[in-house]
Amino acid sequence: MGLELASYGTEYYDEMADVGFSDSEVVSYVRDALKSVAEGDTDRYNQLIGVMHYTEGLAADEVALLVTSLKALSGVVSHVDINLHDALLSSIFGMSMWNYGPDVMDALVELIKSLAVSNGGFVDSCLDMLVRNFMPPKSFIGFLRQPWGCARKNEVLNRVHSALSDIAYLVPLAPLRLLPIILKRMPTMFDNEALLVMYVESMLRLEGSAIGEFIGSTMLMAVVDRLVDLDVEIGWDEIIQEDSSKGIFHMELEDVEETADYVGKGGSEFSRGTLSGLNFGGNVVSDKLDNLMVLTCQHLESCYDEGRLTKVFDTLLHSFRITILSAYKSKFAQFVMFYACSLDPGSCAVKFANLLSDLFLCETQPPLTRMSAAAYLGSYLARAKFLSTSLIAYMLKRLVGWCYNYIQIHGGEVKSISPQAHRIFYSGCQVVMYVLCFRMSSMVDVPPLKSQLFQMPLEQILHHPLDPLKVSLPSIVKEFLRQAKSARLFTVSENFFFSDLLESDSSKAFGGRERLDMFFPFDPCLLKNCDRFIRPNFVYWSMVRTTYDDEASSEEEDDNDVLLEDAGARSFDEHDIDLDEFEYSMNKMSITPRMSSKHGLTGGGLQASMRMPAKIRPSTSPESL
């Protein structure tokens, strides 16, 4: 059929060349060709269709004929019938601008705009044709790395987005009709990486345009959904293997030394700390995710520069609640939130912390949602360099206040520890200790915050018969108690004894099948390209200044017996704590965790680092949790 139409196009070209029509005469010829179809004469009509099938390798006169024909059609769009001329319309809408030079592209875009404005029945097809040109034909993908390929990309996409903007202005309902087309045409995570990245690039470009006022939030959420789809496809079977014989903090120091050795032997300095090139080199899914994360971070940066990040962040928050938070142990997608918060510490960063704390404290939320929110909050407070110490102290106060109220409700008599029954309580306790492992020193350096920390009823909570120290992860408990002792948060005696560094059955039970006790979603990002957006605002364990002096306490580190004093210990009761100070918001939020065959209920990122060379293993710090 294509060859037959092409031969018709040749006849049309020969006739035009012989007669030497002017532009106005060509318009008349095309109009007559369209009218003749209703009379049963399709010869000239078929010749016109054949011209639309001209593609590559056109001579200059053939290009001129195609341009003239497209312009002529733009002048007679009122004579184009959606039923009589469906073959011609199919040929026009099937044209790819990537196959033509600027003159043909311009003429084609004008025709598409004229059709969209002339008849509402053409709008969807015009929009669909433009959206399909977000991506080149597959045969063109290899040329995108070449200078002329990049130039062609800019030529095409600039015209496509200009046309979409013009149609949206001339046809007010066009943006709403555009949205389902974009979502339907969006490549899946299994499609070619270059095509997926180019398509998302256009989606984000539209989000920042005038059309974005109508459909931008939905498109941004669709991009986040695709990030999560890719994220959950990255397997961690080899990573989720904790070496319980070593403390996680000690293991990270080993990895730092190994990474330094690697760099010293000629490894890239860029790889230092991320290890992503070694972990995921050649992993097609992680490469796609990495490149999409870079695009998204760049877009957020432009939103900040344009002064509209706050509005966009509200969309991100909504997307986080319904997509990322409910994805089973998302590994990297959540760093979009982290980066957005780093751009606006005074507003976005506080909003995110409030959302997470409100979710954890809200009694109407499902347990897994509350535990996941706690994990996100703890990891966020520990890792975000841009958070103020006062905000961290305030969030800790809310968490500790809830934990204290919990033990007050449950009294002092507990027949046996039931990790599953009290898993939300244990989540809160572990988060408090985890954050303090990172932030205790900075808090005790500020007198008002030190006073606030010392007034928190941590002693009563940790001494309660529910025994959170036995249920929480041993590595966290050990580091927390060590820093607490050095800061004189507690005074040590033999009334409390914690010696087993191996993970207990109680710890495993409280985390449940999802192992949310080992879920710290803002562990270091292992994607090498997007790491440059995260690293400047990220707290690594090697950067943490603890409350103890390493040389003075080297002997203490070797002793696994950590003692917590009752007799003579500081009683928080003497501070006359007013529990009203622990008021917190219990906003009711409606969240339905998403369930699917590939998404578990609730989740986030279990990150890891790795020994050199490329043997993946748990991280050497809280990162490995």
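## Charges over rings

In this predicted model, the charged end of Arg44 is placed over the ring of Tyr29, at 5.4 Å from the ring's centre.

## Aromatic pairs

The structure holds 29 aromatic pairs. One of them joins Phe134 and Tyr199 in an edge-to-face arrangement, with 5.3 Å from centre to centre and 70° between the planes. Phe134 belongs to the loop between helix 7 (123-132) and helix 8 (147-170), while Tyr199 belongs to helix 10 (residues 193-207), so the pair ties together parts that are 65 residues apart in sequence. Both partners are shielded by the protein: Phe134 counts as buried at 0% relative accessibility, and Tyr199 is likewise buried, with a relative accessible area of 0%.

Another pair is formed by Phe338 and Phe522, whose ring centres are 5.4 Å apart and whose planes stand at 45°, so this pair is classed as tilted. Phe338 is part of helix 16 (residues 335-343), whereas Phe522 is in the loop between helix 25 (505-511) and helix 26 (531-534), and the contact therefore ties together parts that are 184 residues apart in sequence. Phe338 is buried, with a relative accessible area of 0%, and for Phe522 the relative accessible area is also 0%, which makes Phe522 buried. Phe338 and Phe522 also belong to a cluster linked by ring pairs, whose other members are Phe320, Phe335, Phe352, Tyr376, Tyr380, Phe386, Phe538 and Tyr540.

## A nonpolar surface patch

On the surface, Val117, Tyr169 and Leu170 form a nonpolar patch, and together these residues have about 370 Å² of accessible area. Val117 lies in helix 6 (residues 102-118). Its relative accessible area is 45%, so Val117 is described as partly exposed, a class that lies between the limits of 20% for buried and 50% for exposed.

## Cysteines

How many disulfides does the structure hold? The count is zero. A disulfide is a covalent bond between the sulfur atoms of two cysteines.

Most residues other than glycine have a negative phi. Against that background, Asp467 has a positive phi of about 55° although it is not a glycine. Asp467 is found in the loop between helix 22 (458-463) and helix 23 (468-471). With a relative accessible area of 12%, Asp467 is buried, because buried means under 20% relative accessible area.

Arg488 also has a positive phi, near 60°, and is a residue other than glycine. The place of Arg488 is in the loop between helix 24 (474-486) and strand 1 (496-498). Is Arg488 buried or exposed? Its relative accessible area is 61%, so Arg488 is exposed, whereas Asp467, at 12%, is buried.

Conventions: Residues numbered from 1 in each chain as written. Predicted model: local features only at pLDDT ≥ 70, side-chain atom pairs only at ≥ 80, totals over all residues. Heavy atoms only, no water. Patch = residues over 30% accessible without salt bridge, like charges linked within 9 Å, V, L, I, M, F, W, Y side chains within 5 Å. Areas by Shrake-Rupley, 256 points an atom, 1.4 Å probe, with all protein chains shown as cover. Salt bridge = Lys/Arg side-chain N within 4 Å of Asp/Glu carboxyl O. Helix = DSSP H or I, 4+ residues; strand = E, 2+ residues; numbered from the N terminus. Buried < 20%, exposed > 50% of the residue type's maximum accessible area, 1.4 Å probe, protein only. Phe/Tyr/Trp six-rings, centres within 6.5 Å; stacked < 30°, edge-to-face > 60°. Lys NZ or Arg CZ within 6 Å of the ring centre and 35° of its normal. Disulfide = S-S within 2.5 Å.
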